[in-house]
Amino acid sequence: KAVVSTQSTGADNFESIFEFTAMAHQTIRGKVETWDGTPILGVKIHVDGIDKDITVRHPEGYYWRPLVPGVYNITATKTGYFPLTFRNIVVTERASTVANFILISRNQVRRARRKQRRS
């Protein structure tokens with residue numbers, strides 16, 4: 001009876017591991033914060049044409065979204081903030097594209113307008 005081994009060595013899988021690692025760097029990534037650098041958690045990151053949004057959960061406001069190469073519109077939204085969209089963001093093979101968002105609080109705008117009217 002022949003015995004077939006299902007074990008493989010790292011050398012056997014080097015090519016596929018290398019390709020997987022390269023694809024993991026094919027992303028849009030960045031940080032979401034306020035104008036003064038405060039990270040914002042709970043922001044939804046939406047990529048046009050993709051049904052599943054991601055939510056910023058990292059305590060420093062970082063997000064990471066793997067994508068196939070192409071051109072994308074990406075939007076950051078959160079209740080109480082004005083949404084911000086970057087258009088025509090290019091993702092290339094084996095590269096990470098950075099898109100940092102600075103969101104403006106609707107309350108900040110209201111306070112500034114009130115202050116301006118008083119002046």
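This is a predicted model: local features need pLDDT of at least 70, side-chain atom pairs count only at pLDDT 80 or more; totals for chains, interfaces and linings use all residues.
Visitor: What is the secondary structure of the protein chain?

Guide: The chain has 2 helices and 8 strands. Along the sequence they follow the pattern α-β-β-β-β-β-β-β-β-α.

Visitor: Why is Asn88 called exposed?

Guide: The relative accessible area of Asn88 is 56%. Exposed means over 50%, so Asn88 is exposed. This residue lies in strand β6, residues 84-91.

Visitor: What makes the phi of Asn88 worth a remark?

Guide: Asn88 has a positive phi of about 60° and is not a glycine. Most residues other than glycine have a negative phi.

Visitor: Which value of phi does Arg94 have, and where is Arg94 placed?

Guide: Arg94, also a residue other than glycine, has a positive phi near 55°. Its place is in the loop between β6 and β7 (96-98).

Visitor: Why does Arg94 count as partly exposed?

Guide: Its relative accessibility is 42%. Buried needs under 20% and exposed needs over 50%, so Arg94 falls in between and counts as partly exposed.

Visitor: How many of the residues of the protein chain count as buried?

Guide: Of 119 residues, 28% count as buried. The accessible surface of the chain is about 8,600 Å², and carbon and sulfur atoms make up 55% of that surface.

Visitor: How do you know that the span of helix α2 agrees with its number of residues?

Guide: Helix α2 covers residues 106-118, which is 13 residues.

Visitor: What makes the approach of Ser105 to Asn107 a polar contact?

Guide: A side-chain oxygen of Ser105 comes within 3.1 Å of the backbone nitrogen of Asn107, at the start of α2. The limit for such a pair is 3.5 Å, so the pair meets the distance criterion.

Visitor: How do you know that β2 and β5 pair?

Guide: Strand β2 (residues 44-47) and strand β5 (residues 70-77) are joined by 4 bridges and run antiparallel. Pairing requires at least two bridges, so these strands pair. One of the bridges has Ile45 with Ala76 of β5 as its partner.

Visitor: Why do β3 and β6 stand at the edges of the sheet?

Guide: The open sheet has 4 strands in the order β3-β2-β5-β6, with antiparallel pairing. β3 (54-55) and β6 each have a single partner strand, so one side of each lacks a neighbour in the sheet.

Terms used: Residues are numbered from 1 along each chain as its sequence is written. Side-chain values use heavy atoms; hydrogens and water are left out. Buried means under 20% relative accessible area, exposed over 50%, partly exposed in between (1.4 Å probe, protein chains only). The expected span of a helix is 1.5 Å times one less than its number of residues. A polar contact is a pair of N or O atoms within 3.5 Å; within protein, one must be able to donate a hydrogen and the other to accept it, and residues adjacent in sequence count only if both atoms are side-chain atoms. Accessible areas come from the Shrake-Rupley method with a 1.4 Å probe; for residues, only the protein chains shown count as cover.
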